[in-house]
Amino acid sequence: MKGSASLHKKSKGQSFLQGAFIMMAASLVVKVIGAFFQIPLQNLIGGEKSPAFGMFSAAYRIYTAMLVVSTVGLPAALSKMVAEATARGREHEVRRIVRVAAGIFVPVGALCSLALFFGAGTFAAWIKSEDSRLAVMAIAPSVLMVAILSVFRGYYQGRSNMVPTAVSQVIEAAGKLFIGLGLACWAVGRGFDDPVVAALTVLGVTIGEVVAAAYMLVQAALSRGETRVRALDPAVRPTLTLAKTLLSLSIPITISSSVMSITDLIDVALISSRLQSPAVHMAADEAMQTYGIYTGVINFFNLPQTLITALAVSVLPTIASARAAGNETGANRTLSTTLRMTLMLTLPAGAGFFLLGGPILRIFLSSGTVLGGQLMSILGFAVPAVALVAVTNAVLQAYSRIDLPLVSMCLGAAVKLCGDYFMIGDPRFSIAGAPISTALCYWLIALLNLFHIARLSHGLPPVGRTLVRPLAATAGMGAVVVIGKTLVRLAGLAPGSALDKLATLAIIAAAALVYGVLLLALRAIERADVLLLPHGAKIADILHLK
């Protein structure tokens with residue numbers, strides 16, 4: 001029995017890390033596709049002379065806020081309930097949970113789509129971008145599609161099967177790339193006005209969501225009957241009880257997520273209005289163009305966060321399942337691995353943004369790189385904090401303390417909004433106030449969440465192994481970047497030239513190599529971690545991990 005328990009724990013660990021890496025791989029693919037979409041798009045309809053990219057971004061922010069209100073809490077809540085029911089052997093209850101979720105959230109998604117479509121003019125006027133109305137209408141049906149996707153994703157994630165979610169995310173991104181960018185090129189070539197160009201571009205998002213939802217429906221139909229699992233416990237809670245439980249989980253998650261998404265929406269209006277304040281005195285078009293440059297920077301900033309979101313998606317059902325089975329040791333081991341991986345991925349990313357903001361943007365963009373580079377450097381300080389917020393929110397949800405992230409997110413949102421209002425309206429900061437307030441906001445939330453996790457889990461993982469070692473490796477990596485930048489400056493390479501771009505890529509490659517070597521030398525990665533991976537023993541031997 002002891003050996004069997006040990007094997008069960010190992011398989012759970014493998015399931016967690018394998019699921020996390022599947023989601024990370026999909027996230028990387030999605031981000032690469034997104035780069036092939038965003039970078040040409042910003043060069044095509046953005047930059048410093050066109051407000052079309054700002055309109056596209058404003059419509060997308062409105063859509064995101066509506067999406068959060070309608071469906072964002074569903075996958076997390078559903079995956080937690082499915083994972084707990086599966087751990088207890090209640091297969092009949094799993095099926096009823098999914099039916100209840102679909103019966104509640106699909107109609108809500110439909111209503112939100114209708115509200116967004118018919119209220120497009122009101123939403124656009126509220127963020128002081130009336131010309132975004134057509135783009136908002138074009139993206140409205142996506143909310144219903146994501147509601148359908150959320151039900152399937154919550155189910156599969158609760159089963160620790162991340163493949164359907166990963167594939168559907170790639171389909172969504174491909175829709176934006178091939179259809180959205182194609183329509184944008186066609187619209188620009190035909191000389192359409194900026195509002196029409198933005199609307200046709202955002203239509204690619206909607207079509208991508210439709211195709212992804214169709215894939216999930218086909219996947220569910222094909223796999224029906226292939227995943228029959230014998231119910232060890234025939235108990236099934238009543239439909240009303242399950243509905244109450246689902247809502248009691250999803251509503252607080254939705255509210256805590258909505259706090260930041262709605263704050264982002266208000267952010268759009270604040271940035272535009274405060275840049276046009278008497279102190280800063282920008283014209284409306286200039287303010288929207290500046291916002292478009294900032295949005296372009298945010299797209300780069302979100303790259304490491306996408307990887308960590310994938311980790312958070314995997315950690316929630318894993319910890320919930322372990323705790324439902326009474327395996328607190330397994331839950332703590334997963335927590336330790338998650339926090340360590342989070343910092344190992346995001347500390348160097350944040351340092352890279354801080355030290356190489358401008359040069360990175362010059363590789364991809366042809367305009368707005370001076371201001372964008374300054375904003376990206378400031379956002380480097382926020383990278384680890386945003387990642388910690390994502391994983392700590394998921395951990396607290398797995399511990400059934402959904403109220404705690406809500407409180408910390410509200411406090412962070414207050415800091416964000418106050419910082420935006422006062423700093424953006426101050427000519428000494430102007431648009432730089434937006435990334436500064438973002439960093440302050442997320443560090444406050446992250447620290448509050450870590451405090452609560454320390455209480456609930458009776459202590460956080462060792463600071464030396466979790467924080468100090470990755471931080472020391474990041475410092476060594478940063479030294480390599482500084483030396484590389486100094487050599488580039490002494491060589492007198494013209495900013496934005498082919499040699500400048502190649503030099504930046506060489507610096508990034510050298511810094512990544514040094515960081516990996518330092519992680520191994522400082523034993524930030526240990527053999528026990530690698531053994532949880534497929535072919536882990538072989539990998540550990542190659543890396544000489546003992």
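Once neighbours within four places in sequence are set aside, Thr 346 is in contact with Ile 308, Val 383, Pro 384 and Ala 387. This comes from a predicted model. Thr 346 belongs to helix α12, which spans residues 328–364. Its relative accessibility is 1%, so Thr 346 counts as buried, the cut-off being under 20%.

Zooming out, the protein chain is built with 20 helices and zero strands. Of its 546 residues, 54% are buried. As for how the chain contacts itself, take the contacts with a separation of 6 or more: 82% of them come from residues 24 or more positions apart.

The largest nonpolar core holds 115 residues, and the ones touching the most other members are Leu 246, Ile 271, Leu 275, Tyr 294 and Phe 301. Helix α11 (residues 284–324) is the top contributor to this core, giving 18 residues. Another core, of 35 residues, lies apart from it and includes Val 143, Ala 173, Leu 177 and Ala 199. Back in the 115-residue core, Ile 271 touches Tyr 291, Tyr 294, Ile 424, Ile 431 and Ala 434, if residues up to four places away in sequence are not counted.

Helix α11 also packs against helix α3 (residues 73–87), with the axes 8 Å apart and at an angle of about 35 degrees. The two helices cross in a right-handed sense. On the α3 side, the contact is made by Ala 76, Ser 79, Lys 80, Ala 83, Glu 84 and Ala 87, while α11 brings in Leu 316, Pro 317, Ala 320, Ser 321 and Ala 324. Sorted by class, that contact comes to seven nonpolar, two polar and two charged residues.

Ser 400 is not a glycine, yet its phi is positive, at about 65 degrees. Ser 400 is found in the loop that links α14 (383–398) to α15 (403–424). With a relative accessibility of 42%, Ser 400 counts as partly exposed, because that value falls between the 20% and 50% cut-offs. Arg 523, also not a glycine, has a positive phi of about 60 degrees. Arg 523 is placed in the loop between α18 (498–521) and α19 (527–530).

Definitions and conventions
Residues numbered from 1 in each chain as written. Predicted model: local features only at pLDDT ≥ 70, side-chain atom pairs only at ≥ 80, totals over all residues. Heavy atoms only, no water. Helix = DSSP H or I, 4+ residues; strand = E, 2+ residues; numbered from the N terminus. Buried < 20%, exposed > 50% of the residue type's maximum accessible area, 1.4 Å probe, protein only. Contact = heavy atoms within 4.5 Å. Core = buried A, V, L, I, M, F, W, Y, C linked by side-chain atoms within 4.5 Å. Axes fitted to C-alpha atoms, helices over the stretch in contact; angles between N-to-C directions. Left-handed = near helix turned anticlockwise from the far one by under 90°. Nonpolar A, V, L, I, M, F, W, Y, C, P; charged D, E, K, R; others polar.
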